[in-house]
Amino acid sequence: MADLPTGNAVIGQSGGPTAVINQSLAGVVEGLQQGLAASGKVRQIFGMRHGVRGIAKGRSGEGRGGSLVDLTRLTAEQLDAIARTPSAALGSTRDKPDEVYCTQILEGCRANDIRYFFYIGGNDSADTCRIVSEKAAEAGYEMRCFHVPKTIDNDLRENDHTPGFPSAARFVTLAHMGDALDNASLGGIKINVVMGRNAGFLTASAALARGVRDSDADPAKRPAPHLVYVPEVPFVMDEFLADVDAVYSALGRCQIAVSEGIRDADGKEIGPQLMRSGEVDAHGNVQLSGSGALGDGLADFLKKGLTPEGGKPPRVRADTFGYLQRCWPEPSAVDAQEARGVGRHAAALAAEGDAGASVTIVRTSNTIDTYRSAFGRSDLSAVARHARHMPDDFVSGRNNVSAAFYDYCMPLVGGLPDFERL
């Protein structure tokens, strides 16, 4: 460790919170305590309040001004308690730093003698690490920057999967299991809108609720959810109507899982086309998760399209899962373990002299009984600003997922309850 810089370390959390993001925070802290802090290379460990806002100068606003929290002497018991708690313990931010903002971040790091920078988040967070690292090098300021992966969308390149996704997928699976029984009891058509603007992994996890690896090509012969629509497959309204009509006509019920990011053949999102107004988020995207417009629009479309002339419209209901998916306080056991592990690995890379990286998860064994994974590294530029999509072999037709996806996702979600019906 003789060649490593001596100074302080800082950790931040960014983007949407998850059920296990604090596991990663605890993993970085304990990794630093046992490594660089024990060796004297790290004097203090700071946490940034509300992500990089906590250290960037001139970024005060709405009560979220710059501030740092001293994490240096947190005990193992405190770290375990924090790790078990969902949502971002330090607070998060949706800020997407540009060049000017990253210069302010670097200034804050220099003012606090930060030599090790850890940021827990998605590909925008990886990009922040990349830009800050490059600016530090240009300024001749030695600082190591590490991205710790997190996103329920599961859309980070270089990773088999991403911390936060398995827990959200477990929630989506269990929610569809219960909802399917409700739908079977009363009949009618039920639409569940699941998060995922660009990637369909989370919506696809609803298919695990069926409890079977292989499902019939005929949607009416599948266990619920009968229909699954992801952004990777063009969504055609008339085909959607025909799909639902076929299931409903055969069963008197139909459960549908649909991604908030479904797109038409031209790549245009269906949600904004059905919305009367288009509120945008901090990144300029039309807000989908905070609105029930997609579900309501699809429900209205089905009611009109499936109402016989002079007859009664079918019973159609829609739920938008929204933020409930992110921080449900019963995470996947695999997710909790791996989220802690990526944090520890980031601290280990720093102690080994790595100049900066994005931590990755690599699957080494794939069955539910023998599932194993390992942690690796990737260059920040390979993850930053890029998005991963569902591979073709995870999709089956226009309204289903494949057995390959089931094999991929089931070990991450974990064991599911057994239900029985009369």
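Predicted model: local features only at pLDDT ≥ 70, side-chain atom pairs only at ≥ 80, totals over all residues.
Started with a helix pair: Glu 99, Cys 102, Thr 103, Ile 105 and Leu 106 in H4 meet Thr 128, Ile 131, Val 132, Lys 135 and Ala 136 in H5. I sorted that contact by class and got six nonpolar, two polar and two charged residues.

Next I looked at how the two helices lie. H4 covers residues 99-111 and H5 covers residues 123-138, and they pack at an angle of about 65° with their axes 9 Å apart. The crossing of H4 past H5 is right-handed.

**Val 52**

Then I went looking for Val 52 and found it in the loop between E2 and E3. Is Val 52 buried or exposed? Val 52 is buried, because its relative accessible area is 0%, and the cut-off for buried is under 20%. I left aside neighbours within four places in sequence and listed what Val 52 touches: Thr 93, Pro 97, Tyr 101, Ile 105, Phe 117, Tyr 119 and Thr 128.

What is the strand order in the open sheet? I read it off as E3-E2-E1-E4-E5-E10-E11, seven strands with mixed pairing. E3 (68-70) and E11 (372-378) are at the edges with a single partner strand each, so one side of each has no neighbour in the sheet. From one strand to the next, the twist averages 25°.

E2 (residues 42-48) pairs with E3 in the antiparallel sense, over three bridges. One I traced myself: Gly 47 has Val 69 in E3 as its bridge partner.

**The cores**

Last stop, the largest nonpolar core, with 32 residues. Phe 165, Phe 201, Leu 202, Met 390, Phe 405 and Cys 409 touch the most other members. The elements giving two or more residues are H6 (165-186), H7 (201-204) and H13 (403-413). Which helix gives the largest share? That is H13, with seven residues.

Outside four places in sequence, Met 390 is in contact with Gly 200, Phe 201, Ala 204, Val 230, Glu 232, Val 395, Val 401 and Phe 405. Another core, of 30 residues, lies apart from this one; among its members are Ala 9, Leu 25, Ala 83 and Ala 350. In soluble globular proteins, nonpolar side chains tend to be buried together.

Technical notes. Residues numbered from 1 in each chain as written. Heavy atoms only, no water. Pairing = 2+ DSSP bridges. Helix = DSSP H or I, 4+ residues; strand = E, 2+ residues; numbered from the N terminus. Axes fitted to C-alpha atoms, helices over the stretch in contact; angles between N-to-C directions. Left-handed = near helix turned anticlockwise from the far one by under 90°. Contact = heavy atoms within 4.5 Å. Nonpolar A, V, L, I, M, F, W, Y, C, P; charged D, E, K, R; others polar. Core = buried A, V, L, I, M, F, W, Y, C linked by side-chain atoms within 4.5 Å. Buried < 20%, exposed > 50% of the residue type's maximum accessible area, 1.4 Å probe, protein only.
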